[in-house]
Amino acid sequence: MIFRILEDQFAQKSKEAKAADLRFMQLALALGRRGLGRTWPNPAVGAVIVKDGVIVGRGWTQPGGRPHAEVEALRRAGAAARGATLYVTLEPCSHFGRSPPCADAVVAAGLARVVSAIEDPNPEVAGKGHAKLREAGIAVDVGLCAAEAARDHAGHFRRIRDKRPHVILKLAVSTDEMIAAAGHRPVAITGDIARTRVHLLRAQSDAILVGIGTVLADDPVLTCRLPGMAARSPVRVVLDRALRLRGDSRLVHSARQTPLWVMTSDMAEAPAAMKLGAAGAEVIRVAARAAPGLDLPAVLHALADKGITRLMVEGGSRVAASFVSAGLVDEAWLLRGPETIGAGGVPALDALRLAAITQSPAFRLHASEMLGKDHFEIYERA
């Protein structure tokens, strides 16, 4: 009977400990998401330090990628970190980059245990951080909330493994799968709630990409227009093989406030590039494929070389279809409005049907919800 009571007590403590681990790791993940879109080229990591069940420090990767989340949490914890547990959404780095190794800082702080969501695929880390902690006598548990962490760090993983950003395609479509009226005339397809969600996605993206056709038709500004979040606007990227971007466009006029990168052919005329550069835009030359577009893998490699990890592709229909056809879409955000556009409307994916995403074995439905009168779906590459 005594042994049975002791076993039950141990099981209950173990269950409570697991629940606590899960709660603190989920908090670390939530903290890490605060940095999405702001930390590139570094991943947006979250960290929580807990001692005797009490949070004594928390942190997330700061804008520009430094300080790292672990260092921020240790700074806030101070001496209370000794003997505590660190919950972190990605393996602490073990190499010297623009800052010293986080694993060394963890060891120096005297932590007793580290709960790490997932190993960092960066060859400079790749298990070395966890090994360094274990060698110092720190207990290390890896794998809690690994699937969530992998999703949050998808941009970092994709850039390390495939030398390109994680690509999120956003489409707002009518009931008849159109994105604009006849003549590419813009129409309001979704309501305020859905548009707010799109602007939040912009804020969580490193860069947003459109084709020159969309720029010429709509003259967009492509910033985050949520209250107080203008500074969270992503880098604006325009695919413009022949450098047709006009100097009086809103994108060019705002190039000194919000970065504007123009991707063009390596054969584009130098005077046009110089004019855009003088206005504050950065012209990036990549290989051109057969007319009319640019080589998309080359575009993505160039963006990754500049540190971009999360790329939002917003239009137009030909650009969207090109990314889908090339197998370069990792997530598709579909916002379906309740109205019909009718004859002459612009199809969402040019000559492709939306079924190329919604009914393709290459994608699976990850999430679905109603945003007011609009239906919102997220498809992920299977």
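Helices H3 and H4 are roughly parallel to each other, a label that covers angles under 35 degrees, with over 145 called roughly antiparallel, 65 to 115 roughly perpendicular and the rest oblique. Their axes come within 9 Å and cross at roughly 20 degrees. An axis here is a line fitted to C-alpha atoms, for helices over the stretch in contact, and angles run from 0 to 180 degrees between N-to-C directions.

Before going on, some ground rules. This is a predicted model, in which local features need pLDDT of at least 70, side-chain atom pairs count only at pLDDT 80 or more, and totals for chains, interfaces and linings use all residues. Residues are numbered from 1 along each chain as its sequence is written, and side-chain values use heavy atoms, with hydrogens and water left out. Helices (H or I, at least four residues) and strands (E, at least two) are DSSP runs, numbered from the N terminus.

Back to the helices. H3 covers residues 102-109, and H4 covers residues 128-135. The crossing of H3 and H4 is right-handed; that term applies if the near helix is turned clockwise from the far one by less than a right angle, and left-handed applies if it is turned anticlockwise. On the H3 side, the contact (heavy atoms within 4.5 Å) is made by Ala103, Asp104, Val106 and Val107, and on the H4 side by Gly129, Lys132 and Leu133. By class, that gives four nonpolar, one polar and two charged residues. For the classes, Ala, Val, Leu, Ile, Met, Phe, Trp, Tyr, Cys and Pro count as nonpolar, Asp, Glu, Lys and Arg as charged, and the others, Gly among them, as polar.

H3 also packs against H2, residues 69-77, at an angle of about 25 degrees and with the axes 9 Å apart. H2 and H3 are therefore roughly parallel too. Is their crossing left-handed or right-handed? H2 passes H3 in a left-handed crossing. Glu70, Val71 and Leu74 of H2 meet Cys102, Ala105, Val106 and Ala109 of H3. That contact has six nonpolar residues, no polar ones and one charged.

Next, the open spaces. On a 1 Å grid over the protein atoms alone, a pocket is an open set of points with protein on both sides within 12 Å along at least five of seven lines, a cavity is a set where a 1.4 Å probe fits but cannot get out, and lining residues have an atom within 4 Å of a point. Points are joined across faces, edges and corners, and a volume is the space filled by probe spheres set on the points.

The largest pocket has a volume of about 1,500 Å³. It is lined by 49 residues, and Thr214, Asp218, Glu314, Gly315 and Gly316 are the closest to its centre. Among the elements that give two or more residues to this lining are strand S6 (166-173), helix H7 (192-203) and helix H12 (317-325). The lining divides into 24 nonpolar, eleven polar and 14 charged residues.

The second largest pocket has about 420 Å³. Of its 25 lining residues, Asn42, Pro43, His68, His95 and Asn122 lie nearest the centre. Helix H6 (residues 154-162) supplies the largest share of this lining, three residues.

Of its 16 lining residues, Leu36, Pro43, Ala44, Thr309 and Arg310 are the closest to its centre. H6 again gives three residues, the largest share of this lining. The second largest cavity holds about 30 Å³, and helix H1 (residues 2-33) gives the most to its lining, with three residues.

Last, the backbone. Most residues other than glycine have a negative phi, and most peptide bonds are trans. The bond from tryptophan 40 to proline 41 is cis, with omega near 10 degrees; proline 41 sits in the loop between H1 and strand S1 (46-51). Arginine 66 and proline 67 are also joined by a cis bond, with omega about -10 degrees, and proline 67 is in the loop between strand S2 (54-60) and H2. Histidine 184, in the loop between S7 and H7, has a positive phi, near 60 degrees.
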